[in-house]
Each structure stands twice: as structure tokens, then as C-alpha cells.
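This briefing reviews side-chain contacts, grouped by topic. Please read it beside the sequence and the model shown next.

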Amino acid sequence: MSFPQAFLATPQGTKPMKIGLIGTFDVENFGDCMFPELYQHLLSQKIPDAQFHLYSPTDNCALILSFDKVNTLPTHLGETQTFDEDALILIGGETIGMGHSAGTFNFPRQTLSAYMRLWVMPILSFLDTEARPKFFGAHCVGAIKMRSEVNEKVAQVLNGASHCAFRDEFSASWIRSGDIGFSKKVDPMFLIDHLRSEDEWSQLTKKHLPDVYIKTGYLSVQMTMGYGGDNLHGWCDAVATISKTVGLPVALVPICHFLQDEAFLDIARVSPE
């Protein structure tokens, strides 16, 4: 994964660089909770002595998160000097959005919504010359679908960041305003295999999977009810067809633990197909 030159050139003085990783690490979502592990691993290869701090809309540590502390993001527009980091990075997830009625958490109207805390406050802190952060990047993020006039305003604000790139074509096409547009980059989660050595992955596989899966291989399938238009039976039929075609057993992997994916997977597991 390549890093923006503006990030690598971030001034840090003689002390170890402090990096704030921003995301929804306060909910039990598999991908969101893996992002800080991966980014810390990859960034440490470039900046070995860097210190990492996590920020989310709340200070709740997701049960599946491997870190033991999450800091609360600023809740009001005036709190631009909250961060004590040299650089801030919004990592992954569909985190570019607006509104108190969207997202996992709903906060009081007199405070910022979860989305606004995730991307607006880091930008304002970066733009505040008296605040510490000298870099803010939104890296391989996704945007929720919003009205075109809202998309334009969001693009104009995002243009104040040091760096912004989206992980999908939809987000990159939505968030535009005049000549303001953003690039599309490959989601770094495709580098997840870098987190462990081949031997370590083998040991994990032996610990968690049946022997037959290790010998023959398997089809890894992630499921949450939002996929496939909430058509669980149609989803099961599609997975069963693929499994029969390739001749491999299926390993069902929950994504959104906070949405009780395990319950849906239990239903899928015993599906007649």
C-alpha cells in the first residue's frame, strides 16, 4: 500500500510520531475492527516508532476489537483542539455521510451526528493552525448515498483534507463538485494476509477449522441481512449453487456482530438447499 507524500512528510519533531486512526471501532463489525490492526501493521513498517491512538463516535471498545482503548471524537464544531496527534487518518468503512437519522448511533441534535464526528471534525482540526494535527487523510473510505446538492457540499469540505480517496466507484462518482473530485484506491483490507506469517495463518486454520476444510479447501462466505435485498433464501440458493459448482464446503463468516449475523447464519446453515 502506498502512502500520500503529504503524510510521509508530516512534521513530528524529535519525538515519536503520534497517529490517530479514526473509524467505527465502537461497534461489533468485523471489517471496521480489523482496519486499525492492518493500518498499524502497515504504517509501522514505514514509521517504526509511531504511536497509535483510536478514535470513534463513542469511547466504547467493540467486543471483537483487539485494542483496549478507543477515544471519543469531538462532539461540537468548536472542539478543534481535542486531538493530540501529529496526523489523523479516517480508515475504511462507509463513513462519509450526514444526518442524525443515519448510522449506528443517534446523538442529541445539539451535538454532531456520528458521520460528522468521523470526517468533519478531523478536517476542521487540521485546518485550525493552532491545533496539533498537520495531516488529515480519508483513506479508501466509502460514502452513503445522499442528495446531489448534499454531495456537492460534502466534496467541498473534503477538499480541505490533505488527502482523500474512495474505495468504490459509486462513492467517487457521487462526491463531486465542479472540478473537485477524488480518486479511487484499492481497499487495503486485501492486504490482510500481511498481518501474519504463512505459518501463523496455518496454525490459526488448524485451530478453528475442521480437518476436511484444511485438506480440500473451502468457500468463505460473509453474510449480513442487508446483502441481497434481505432475501435470505435467494442468498442461500446462490451460495449453494456456487458451492456445488466448485465442489467445496462452505465456511459462513459473520460480518455485523451487532446486527446478530450469527442468527441469520444459523438459519442459512440448515437451509434445505
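A search of the whole structure finds 0 disulfides, a disulfide being a pair of cysteine sulfur atoms within 2.5 Å. The model is predicted: local features need pLDDT of at least 70, side-chain atom pairs count only at pLDDT 80 or more, and totals for chains, interfaces and linings use all residues. Residues are numbered from 1 along each chain as its sequence is written, and side-chain values use heavy atoms, with hydrogens and water left out.

- Cys140 takes part in no disulfide, and the nearest cysteine sulfur, that of Cys164, is 9.7 Å away.
- Cys140 counts as buried, at 1% relative accessibility (buried means under 20% relative accessible area, exposed over 50%, and partly exposed in between, with a 1.4 Å probe and protein chains only).
- Cys236 is likewise buried, and its relative accessible area is 7%.

**Salt bridges**

- The structure contains 6 salt bridges, each a side-chain nitrogen of Lys or Arg within 4 Å of a carboxyl oxygen of Asp or Glu.
- One of them joins Lys18 to Asp84, with 3.0 Å between the closest N and O atoms. Lys18 belongs to strand 1 (residues 18–22) and Asp84 to the loop between strand 3 (71–72) and strand 4 (87–91), so this pair ties together parts 66 residues apart in sequence. Helices (H or I, at least four residues) and strands (E, at least two) are DSSP runs, numbered from the N terminus.
- Within this pair, Lys18 is buried at 19% relative accessible area, whereas Asp84 is partly exposed at 39%.
- Asp187 forms a salt bridge with Arg167, the closest N and O atoms lying 3.7 Å apart. This pair links distant parts of the chain, 20 residues apart: Asp187 is in the loop between strand 8 (183–184) and helix 6 (198–208), and Arg167 is in the loop between strand 7 (163–166) and helix 5 (169–174).
- Asp187 is buried, with a relative accessible area of 15%, while Arg167 is partly exposed at 27%.
- Lys184 pairs with Glu169 in a salt bridge whose closest N and O atoms are 3.9 Å apart. Because Lys184 lies in strand 8 and Glu169 in helix 5, the contact ties together parts that are 15 residues apart in sequence. Lys184 is partly exposed, at 44% relative accessibility.
- Through shared partners, salt bridges join Lys18, Asp84, Asp86 and Arg132 into one network.

**Aromatic contacts**

- Rings of Phe, Tyr and Trp (its six-membered ring) pair if their centres lie within 6.5 Å; planes under 30 degrees apart count as stacked, over 60 as edge-to-face and the rest as tilted.
- Tyr55 and Phe83 form an edge-to-face pair, with 4.9 Å from centre to centre and 70° between the planes. Tyr55 is in strand 2 (residues 51–56) and Phe83 in the loop between strand 3 and strand 4, 28 residues apart. Both Tyr55 and Phe83 are buried.
- Phe166 and Phe182 also form an edge-to-face pair, at 5.9 Å centre to centre and 75° between the planes. Phe166 lies in strand 7 and Phe182 in the loop between helix 5 and strand 8, so the pair ties together parts 16 residues apart in sequence.
- Phe166 is buried at 0% relative accessible area, and Phe182 is buried at 13%.
- Arg117 lies over the face of Phe107, 3.6 Å from the ring centre; a charge sits over a ring if NZ of Lys or CZ of Arg is within 6 Å of the ring centre and within 35 degrees of the ring normal.
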